[in-house]
Amino acid sequence: MGKAIVVQDLKKRYGDVQAVDGVSFEVESGEFFGILGPNGAGKTTTLEILEGLRQADSGSAEIFGLSPWPRNPRLLPRIGVQLQASAFFERLTAREQIRTFASLYGVSPAKADEMLEVVGLADKANTPAEKLSGGQAQRLSIAIALAHGPELVFLDEPTAALDPQARRNLWDLLREINAAGRTVVLTTHYMDEAESLCDRVAVMDHGKILKLGSPAVLVRGLDSPTHISVELGVISLAAAKELAGPGDEVAEDGISLTIATRKPAVILSELAERGALAGLQVRGATLEDVFLDLTGREYRA
Amino acid sequence: MTSLSSLSRAMLLGFLRDKTALFFTVLFPLMFLMIFGVIFQGSSAPKTEILQVGAVEILDSLPAEAKGIIQVTKSTDLNKGLEDVRKGDVDALIRQENNQIVLHYSQADQVRAGTVRSIVDSFVQRANLAGQPGRFQLRPEQVEDKSLKAIQFFTPGILGWAIATGATFGAAMTLVSWRQKKILRRLRLSPVRTTTIVSARVGVSIGVALLQTALFLGVATLPFFGLQLASSWWASIFLIIAGTLAFLAVGLVAGAVSKTPEGASGIANLLVLPMAFLGGTFFPLDDAPGWMQAVANFLPLSHLTEGMQDVMVRGLGVTSILPELGILLGFSVVVSLLAVKLFTWDDV
Ligand SMILES: Nc1ncnc2c1ncn2[C@@H]1O[C@H](COP(=O)(O)OP(=O)(O)OP(=O)(O)O)[C@@H](O)[C@H]1O
Ligand SMILES: [Mg+2]
């Protein structure tokens, strides 16, 4: 299979903000690719250049071997885009919206209605877009991006406004279309989302790609501690410190006591032995940790 | 559905569901028309005023009872007198050529024209009966009239203004709010052509303009308002289409240079409202100072109004619209080119 996207040394500057600063990556056809990064990392800008909405200052971007800039009508029917900020016609209902957009791609109203059903908006078909909730608008926007069956789909934080149920449903839908051979590129702030969906992720900050690889490898490659928390009082601070190995950290925050350790199995069995498991929470490495590790500072999503 | 029809539909529904836009482009001007129509309804002179140039025997021997229905003013200046008839300052001008009584009248107000003709006709008959039978003959001559009865004058004027407002605001608002709401951006991602988007806008605006026209003429021709359309009034449809194009272009420029709908509406008002005052929408320019007439000459609205008046109420032929049509189309082309230059998909 060929390459869906080839990006080389892409740069884009807004005034004195270097939004994209030398980004290079490739996405295979049929791949599920994620771009992770905190606010202002340059994710949206990168996608907009790939979609043909913005011109890069330098570097090159190719979609299916074609340049997306200037606006390339041969490319457009092959890609589907959900923008971070939804855009709908004024005073049209959800059904009218998707039918209008679908017709621009020569897609039948019946097919458009079907897509509305797929994202669970059939009962909102007659609601004006202005009156949809944030998550419903997001789903409509995704439905519009998918209605014409594009080979390549760009989704900019598709799950940002969704409730947990809708989020899972969307994950299923995205897995389905990816399984059907379509290439998906999404941006997200959530490591669990990237882990669950993406074949590969690029971690971005300050317009640069810090790391690129499969999510499991990224996290595993990370030598970061596991955080074990229990209710305050089930074990004393002194006892916890005794329990912890060298290099581990123990902290109390008024609600719970947390041990950050590299040997979670040992600590957990010790706690279990003492019957001190009330309010137990175990948190493994996350994007925050990957990020902290890569940049030496907190993730500020 | 094709891209064109579905986009047109989206625009039209957006317009029809926008109660404010609907009010300002359709009902508001219609209200003006009705108010003006009511205010100026009785504005025909109660007494028939006739201007007499030179000696006219039948008037000189007019019986006393006739003095109640006509008022005769004497003058020596034929050209100025004819001009007065055209403007509607007097109802008719009468003079005598040998045995022919020449009556110059204006057809602009058909009721007045009919009245004055029958009055003078009765005087002629009476003179013939009293003296030598068949001695005097009446020769009515219609002057090319400039004067128009209030409703005759206001209908094309206010209609022109309504069309200008509708087209300018329609284009400006679509452009700005579609840009601001990122719809243009979204459309740019679809394979739709720019010409399709523009054509949809043009089609919808022309549709709205024709709807306005139908409504206006429907209301104005009600017996209460009494508009009488001349035979080639239908030629005004071409003017209306050309006028819509011209003001769409104006609206596209207003929309291209403003970032917010409020800004666009301000600029659109700033362009259209003065045109309405300077361009003869609310009062005739015949008596306006020379500089104002000169300014009006540059305004597309004056040409739209003038052209519509010619064919709708002045009874001029179809070909009379050609110069105005040409000016409007030329204006559209020039301003559209400017709009294309200023066009942006995105405001960032
Ligand atoms: N149109 C613009 N004009 C000026 N600066 C911009 C513009 N768009 C983005 N920026 C700046 O470029 C940088 C990258 O923005 P971008 O939207 O690509 O970030 P992002 O990774 O998508 O962030 P988020 O997670 O918040 O969506 C930011 O610092 C932002 O302020
Ligand atoms: Mg973004």
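Colleague: How many bridges join strand β11 of chain A to strand β12 of chain A, and do they run parallel or antiparallel?

Modeller: Start with the general idea: strands of a sheet pair through backbone hydrogen bonds, either parallel or antiparallel. Keep in mind that we're looking at a predicted model. Here, β11 (residues 249-252) and β12 (residues 256-261) of chain A run antiparallel, joined by 4 bridges. To find your place, look at A:Ala251, which stands opposite A:Thr258 in β12(A).

Colleague: And what do β11(A) and β12(A) form?

Modeller: A hairpin, with 3 residues between the two strands. Check A:Gly254 in the turn: its phi is positive, about 90°.

Colleague: Now the sheet in chain A. In what order do its 6 strands come?

Modeller: Read across it: β5-β6-β7-β3-β8-β9, an open sheet with mixed pairing. At the edges sit β5 (79-82) and β9 (208-213) of chain A, each pairing on one side only. Neighbouring strands are turned by 15° against each other on average, if you ignore direction.

Colleague: Which way do β6 and β7 of chain A run, parallel or antiparallel?

Modeller: Parallel, with 5 bridges between β6 (residues 152-156) and β7 (residues 183-188) of chain A. As an example, A:Val153 has A:Val184 in β7(A) as its bridge partner.

Colleague: Which strands of chain A does helix α1 lie across?

Modeller: Helix α1 (residues 43-51) of chain A lies across β3, β5, β6, β7 and β8 of chain A, at about 150° to β6(A). Helix α4 (residues 134-146) of chain A packs on the sheet too, touching β5 and β6 of chain A, and its direction makes about 170° with that of β5(A).

Colleague: Which residues coordinate the magnesium ion?

Modeller: Look for the atoms that hold it: OG1 of A:Thr44 and OE1 of A:Gln84, at 1.8 to 2.2 Å. The two are 40 residues apart, with A:Thr44 in helix α1 of chain A and A:Gln84 in the loop between β5 and α2 of chain A.

Colleague: How many residues does each chain bring to the contact between A and B?

Modeller: Chain A brings 28 and chain B brings 27. About 2,600 Å² is buried between the chains, and carbon and sulfur atoms give 56% of that. A:Arg71, A:Arg91 and A:Leu104 supply 25% of what chain A buries against chain B, more than any other three residues.

Colleague: Last one: how many residues of α9(B) are buried?

Modeller: 16 of its 22, so α9(B) is mostly covered. This helix, residues 236-257 of chain B, reaches 31 Å from its first C-alpha to its last, close to the 32 Å expected.

How values were computed: Residues numbered from 1 in each chain as written. Chains lettered and ligands numbered in written order. Predicted model: local features only at pLDDT ≥ 70, side-chain atom pairs only at ≥ 80, totals over all residues. Heavy atoms only, no water. Expected span 1.5 Å × (residues − 1). Buried < 20%, exposed > 50% of the residue type's maximum accessible area, 1.4 Å probe, protein only. Pairing = 2+ DSSP bridges. Axes fitted to C-alpha atoms, helices over the stretch in contact; angles between N-to-C directions. Contact = heavy atoms within 4.5 Å. Donors = N, O, S within 2.8 Å, 3.2 Å for Na, K, Ca; no water. Buried area = accessible area lost by both parts, 1.4 Å probe.
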